[in-house]
Amino acid sequence: MPGAIYAEGLVKTFGDVRALDGVDLDVPEGTVLGMLGPNGAGKTTAVRVLTTLLRPDRGKAVVAGIDVLARPDEVRRSIGLSGQFAAVDEYLTGRENLTMVGRLYQMSGREAKRRAVELLERFHLGDAADRITKTYSGGMRRRLDLAAALVVSPPVMFMDEPTTGLDPRNRQELWDVIQELVAGGTTLLLTTQYLEEADRLAHDICVVDHGRVIARGTADQLKARTGGERVEVVVHAPEHLTVADEVLRGFGKGEGTVDPHTRKLTVPVTGGAKLLAEVIRELDLRGVEIDDIGLRRPTLDDVFLSLTGHHAEGDADDGADDGSAGRADTDGGAVGRQKRGRGGAGTAGADTGTTSDREGVK
């Protein structure tokens, strides 16, 4: 039986750009799927299709047991969405923004106000509740936007790079909120470029590139595909690079890299701290003076470099994704503008008829 979020063969093109190229997803109820990918990979396009903001050219999507294409209004009542950009009304206060979202979900005035107070405290915005949002910092707006997506505690949530722009403390607090939601049975699709975030929150991770799912597994499984561990060495003098490279190749379990500018060499290994001691001993025997050496697990860049051949940040023209302003390959100008307009992020699930499933946004 399909999970709470299910997609089969999703295809979406924008002119010559194939933003989605046969994406399949299956997210069991009460779990988190982390969707990783560089800019332009297709992450945001997939989210917009699943949340009724875009119609796919081909494919099937079911969210909370409801066909996204056949019954979009019902899907909106069952989901919450926080997009990449805070979509709160700058001329309303924080309290008014959240109350408005509650009313759009057809809450009573009293219930909407009560929920607004609860969420403002939960996201540490109580002291700023009656300030107009225009005076909020970027991080505060982001938290308010996330609070708006949680007004009705929907059974299925979509968060598109939710911690972008948050400082470490606020990021940690958001992670705690997400874990509480999932513990209560919420299903979440989370897009991110931070492997640390996916590692912390996701039960499963899929890697998307050029509109396709190219890998899927747990964070540990994805890291293992890149070699598991890395030895990094910074030699003292450039003339030692060649010898150090020979030494590391003898211990390596895959292709290493050499950066002459920083005098740093990296190679995938297995064996942990014991192997590191052997590397140090061999370098010393070969007369290689080092400034730094260490053993680390793969980073997001390592995973992406291994799977896609390019770094995680990607290039802006890799595909149609992530809502970058002014780009021809975004999901149609109308959607990009709406995403930054009033009431966007927190109201995707409201039964207002304002989301862009007006069937023609391409």
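Reply: Happy to! Leaving aside neighbours within four places in sequence, Leu98 is in contact with Ala116, Leu119, Leu120, Leu144, Ala147, Ala148 and Val151, where contact means heavy atoms within 4.5 Å. This is a predicted model, in which local features need pLDDT of at least 70 and side-chain atom pairs count only at pLDDT 80 or more, while totals for chains, interfaces and linings use all residues. Residues are numbered from 1 along each chain as its sequence is written, and side-chain values use heavy atoms, with hydrogens and water left out.

Leu98, Phe123 and Ile205 touch the most other members of the largest nonpolar core, which has 45 residues. Such a core is a set of buried Ala, Val, Leu, Ile, Met, Phe, Trp, Tyr and Cys residues joined through side-chain atoms within 4.5 Å; buried means under 20% relative accessible area, exposed over 50%, partly exposed in between (1.4 Å probe, protein chains only). A second, separate core of 31 residues includes Val27, Leu33, Val49 and Val63.

Ser82 counts as buried because its relative accessibility is 0%. Its side chain makes a polar contact with the side chain of Asp145 at 3.1 Å, that is, a pair of N or O atoms within 3.5 Å, one able to donate a hydrogen and the other to accept it, with residues adjacent in sequence counting only if both atoms are side-chain atoms.
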